[in-house]
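Q: Could you walk me through this protein, starting with the overall fold and then going into the details?

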Amino acid sequence: MKQILKISALAAAVVLAGCNQQSATDAEAKLDTPEQTSAYAMGASMGSYAQKTLDSQDELGLKMDRELVIKGFADAVNGKSQLDEKAIISALQEHDKALRPLIEKRQQEMMEESRQKAEDYLKENAEKEGVKSTESGLQYEIIEAGKEDGKKPTLEDTVTVHYTGKLIDGTTFDSSVERGQPATFPLSGVIEGWQEGLQLMPEGSKYKLTIPAELAYGDRPAGSIPPGSVLVFDVELIKIGE
């Protein structure tokens, strides 16, 4: 699909998303046939996406004139666009150049906010009764000690564990417990916080590991885990070895 078609669809979405302007967008659509319903659904889908996109740009401080967006769409649909395809692409490239630094600035602000929250959380957690901290910054709490003379894994071992991983706001991002199936993996193949934490655990024990971002994924996103996240794991070491 050409860029011009993508932009026309985006502009159309503003109309169909319910901007309070003139014309047929204020009238209730007739959805008496499957074709009418499909047409409306297509517009509504594009409209929902476009509205979120334009609202996000508004929040960044780069507002687009909704009336001109609607005008551009209407003109294009009627074959009366004031810009040819080359001019449209050029204008959108300039818009992207203006938008990019605003996005980068907001991302940096969010990262700094996240780092501050992580720092505050780690400081507060370290002061809780029963929580111990290692030299690396890993924090752990013994929930169940396991066997007093229980074997502890090394980086050369494979371990079988049950675990639940959460963000500091309590959001669960992964859980073998919820899946109902323990996980088995080489200890050397996981994040540093797990490598260090599980080597402290005797077989049969349950620990809570609070892992700073530096011992997890750092400033990289990982699936549903945002950059710079402190990770909190409830871990049960079921056995060592295959």
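This is a predicted model: local features need pLDDT of at least 70, side-chain atom pairs count only at pLDDT 80 or more; totals for chains, interfaces and linings use all residues.

Q: OK, how many helices and strands does the protein have?
A: The secondary structure comes to six helices and seven strands, and read along the sequence these elements follow the pattern α-α-α-α-β-β-β-β-α-β-α-β-β.

Q: And what share of the residues is buried?
A: Of the 242 residues in the protein, 29% are buried.

Q: Let's go to the strands, then. How does strand 6 pair with strand 2?
A: Strand 2, residues 139-144, and strand 6 run antiparallel and are joined by five bridges; within that pairing, glutamine 139 has threonine 210 of strand 6 as its bridge partner.

Q: How many bridges join strand 6 to strand 7?
A: Six bridges join strand 6 to strand 7, and these two strands run antiparallel, with isoleucine 211 having leucine 231 in strand 7 as its bridge partner.

Q: What about strand 5, which strand does it pair with?
A: Strand 5 pairs with strand 3, residues 158-167, in the antiparallel sense over four bridges, and the bridge partner of valine 161 in strand 5 is alanine 183.

Q: Which residues of strand 5 are on its covered face?
A: Ala183 and Phe185 form the covered face of strand 5, residues 183-186, whereas Thr184 and Pro186 form the uncovered one. Alanine 183, the bridge partner of valine 161, is therefore on the covered face.

Q: Changing topic, where is serine 224?
A: Serine 224 sits in the loop between strand 6, residues 206-211, and strand 7, residues 231-240.

Q: Is that serine buried or exposed, and why?
A: Serine 224 counts as exposed because its relative accessibility is 54%, and the cut-off for exposed is over 50%.

Q: How far is serine 224 from phenylalanine 173?
A: From C-alpha to C-alpha, serine 224 and phenylalanine 173 are 6.5 Å apart in space, while in sequence they are 51 residues apart.

Q: Last one: which residues gather in the patch of negative charge?
A: That patch on the surface brings together Glu119, Asp120, Glu124 and Glu127.

Q: Where does glutamate 127 sit, and is it buried or exposed?
A: Glutamate 127 is in the loop between helix 4, residues 85-126, and strand 1, residues 131-133, and glutamate 127 is exposed because its relative accessible area is 62%.

Methods
Residues are numbered from 1 along each chain as its sequence is written. Side-chain values use heavy atoms; hydrogens and water are left out. Buried means under 20% relative accessible area, exposed over 50%, partly exposed in between (1.4 Å probe, protein chains only). Two strands pair if DSSP finds at least two bridges between them. Patches are made of residues with over 30% relative accessible area and no salt bridge: like charges are joined within 9 Å, nonpolar side chains (Val, Leu, Ile, Met, Phe, Trp, Tyr) within 5 Å. Accessible areas come from the Shrake-Rupley method with a 1.4 Å probe; for residues, only the protein chains shown count as cover. A salt bridge is a side-chain nitrogen of Lys or Arg within 4 Å of a carboxyl oxygen of Asp or Glu. Lys and Arg count as positive and Asp and Glu as negative; His and the chain ends are not counted. The place of a charge is taken as NZ of Lys, CZ of Arg, CG of Asp or CD of Glu.
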